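User: I am new to this structure and would like to learn how to read it. Please take me through its features one at a time.

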Amino acid sequence: MLHHQDWARRFSLLVVISLIFTACIQPDAAQRQAATIKGVTAKDPTTFVSTALGDPATIDPALDYEFLGYQVIRNTYNTLIYFNKSDSNSFVPELALMTPSLENGGIAADGKTYTFQIRKGVKFHSGDTLTPADVAFTFQRGLLQGGGASPQWLLAEPLLGVTDVAQLVDASGKLADDQAGLAAADAAKLKAVCAQVMAAVVADAAAGTVTFRLQKPWAPFLATLAQPWGSVTQQAWISANGGWDGNCATWQKYYGKSSEEINKTKIGASENGTGPYILDHWTPGAEYVLKANPNYWRTELAWPGGPSGAPALKTIVVKLVPEFSKRLAMLQAGDADSIIVDSAEDYPQMDALVGEVCDAAGQCQPSANADKPLRVYKGLPNVGHSDIFLNQAVDRAAGKNYIGSGQLDGNGIPPDFFSNLHIRKAFAYCFDWATFIKQVQQGEAVQVYNVMLPGMVGYEEHSPHYTYNPAQCRAEFAAAAPELAQKYGAKLDQVGFRFTIAHPTGADQWQKVAEMLKQSVAAINPKFVIELTDMPWPDFLKNQQANAFPLFINGWTEDIHDPHNWVVPYSVGFFGINQGLPAALAAQFKDITKRGVAETDPAKRAAIYHEFNQLFYDQAPTILLSVQLGRRYEQRWVKGWFYNAVVGGDYYYGLAKK
């Protein structure tokens, strides 16, 4: 079961806030940019300048759980394995000599033991040599540091069978995020839990290996290790800078640390990785600067055709510039190589400067104005999507402001209104995907047919799915009427219904989804009334978790690129809990998700997730919407950028300016 105590921060990454900015293109800047197309190179070919909207939460790989910190960590640390360039589903060895598999013996036949041969001669930025003990310590420390604000649940689940180490001390979960309570727990129990963690990740200095012992087979384990929280740290450096020293008698003192606490030490405010870049400085509120690691250990290609040796770019400068107009001015003046674009509303201004257009695979061609200075990549798939969730068991007290009278009397709906399958299907047939994608998402999105992302194991391009069909919407409402009349003593078409959809303030795209649904349902029968209201994000989340909403729009951004990270929250995890799914249906979903994550053969997993997809379609608990496609704008002198949906942002190793 997934862990979501830091939900508001993570979900805020998905809220699309439509901000429209204006900026004047200065003639001298435009002339300077046009000159670059005629052969003038970048001002400084060794320095790359980019922008960000905020600061990293922390640079401690064991704690950071947001994208801004990930970008620093990915460039300064290494993981055991990494993604194979743009392929989010395959891996290449990094600090490991090979990617474990059943064929090479790195994964045991029972799927519960993973052994990594650790690369020799790798140096930390401190100059010390990486050892297998450092690798094992990295994961032991992460698991024991735990806490609801960290990503460690992703490793605790397969390695410990829980989502937080505190659950091993007290199975009730009451010690989660309770630093004082955990520290006061029985000393013998605390040591036993530490011993269990140490036994789950074991270094063998003589063999040069690190072995992970899982509680059960876990298909997404490699995908989990490739993420920033799998970045390898040095035990001596962590200990010397205020972190855990590896002593099982003291681990509880370091449990559940916040980013504010960690950032008071070098562990959170600086780094000592093995990666291609070294953090020169981080000035919160202003910038961070990375310098190339001249002694980077990599001698072979990072991936076929990839880079090796020291980075080509010697300095990376990431400036915090919240205002789009200032970012655009930097780009126009040639003072930035790439910038963050807030939303699709900014595309027209950017497109006026584009001379080259590329697709997600990096295939490029000149634009209609080939003398312009920028390059744009279009059609970049996202790793998240927003959807419409139907609640089959609204809490009557909590939801009184959203279900009106609580009766089928024209002034409300019963709390279990959406428990009627025909009602759920009617709403599904009443959503207009084509108009939504064209008008709201500027045509740069694709409808999703399954819960997981397109291209992922289990996603089926020809899966049955709902389409906008007003006639079928009307027919489903009619089919629901006899059961509703028998249950509530009222005729649906005569009395109608009324309920409220809430959305977070500023979540313009979610508001437009609600407006479209309201209009299409009212077109079936003017007595079918949906009202809209907005509220601050914390209040929205609080009401959702209280099962107050009969229908809500929300979204998910994956933690790991694996179907398990999708099917669980959409059935038995966060969303399923907030949708009041019947126990029998939840049990079916739970059985499928357990079998799916334990099966490591992709073809067999796909067959299991086919069961999930069919059940999800048949029961229609959620109206799946679309995956919005993104863009990237950069100067045309930038070379070597590629897109990996999981990594996102910039991986600077391999970039150059020419």
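User: How much space lies in the second largest pocket?

Analyst: First, the ground rules. This is a predicted model, where local features need pLDDT of at least 70, side-chain atom pairs count only at pLDDT 80 or more, and totals for chains, interfaces and linings use all residues. Residues are numbered from 1 along each chain as its sequence is written, and side-chain values use heavy atoms, with hydrogens and water left out.
On a 1 Å grid over the protein atoms alone, a pocket is an open set of points with protein on both sides within 12 Å along at least five of seven lines. Its volume is the space filled by probe spheres set on the points, which are joined across faces, edges and corners. Here the second largest pocket holds about 650 Å³.

User: Which residues lie nearest the centre of that pocket?

Analyst: Lining residues have an atom within 4 Å of a point. The second largest pocket has 28 of them, and A219, L222, T600, P602 and R605 lie nearest its centre. β3 (87-93), α9 (221-225) and α24 each give two or more residues to this lining. β3 gives the most, with 3 residues. Helices (H or I, at least four residues) and strands (E, at least two) are DSSP runs, numbered from the N terminus.

User: How many cavities does the structure hold?

Analyst: A cavity is a set of points where a 1.4 Å probe fits but cannot get out. The structure holds 6 cavities of 30 Å³ or more. The second largest cavity has a volume of about 140 Å³. Its lining counts 16 residues, with Y449, H465, Y466, Y617 and L624 nearest the centre. α24 (602-619) and β18 (622-635) each supply at least two lining residues.

User: How do α15 and α24 cross?

Analyst: Axes are lines fitted to C-alpha atoms, for helices over the stretch in contact, and angles run from 0 to 180 degrees between N-to-C directions. The axes of α15 (residues 421-429) and α24 come within 9 Å and cross at roughly 95 degrees. Angles of 65 to 115 degrees count as roughly perpendicular, so α15 and α24 are roughly perpendicular to each other. L421, R424, K425 and Y429 of α15 make the contact (heavy atoms within 4.5 Å) with Y617, D618 and Q619 of α24.

Notes: Angles under 35 degrees count as roughly parallel, over 145 as roughly antiparallel, 65 to 115 as roughly perpendicular and the rest as oblique.
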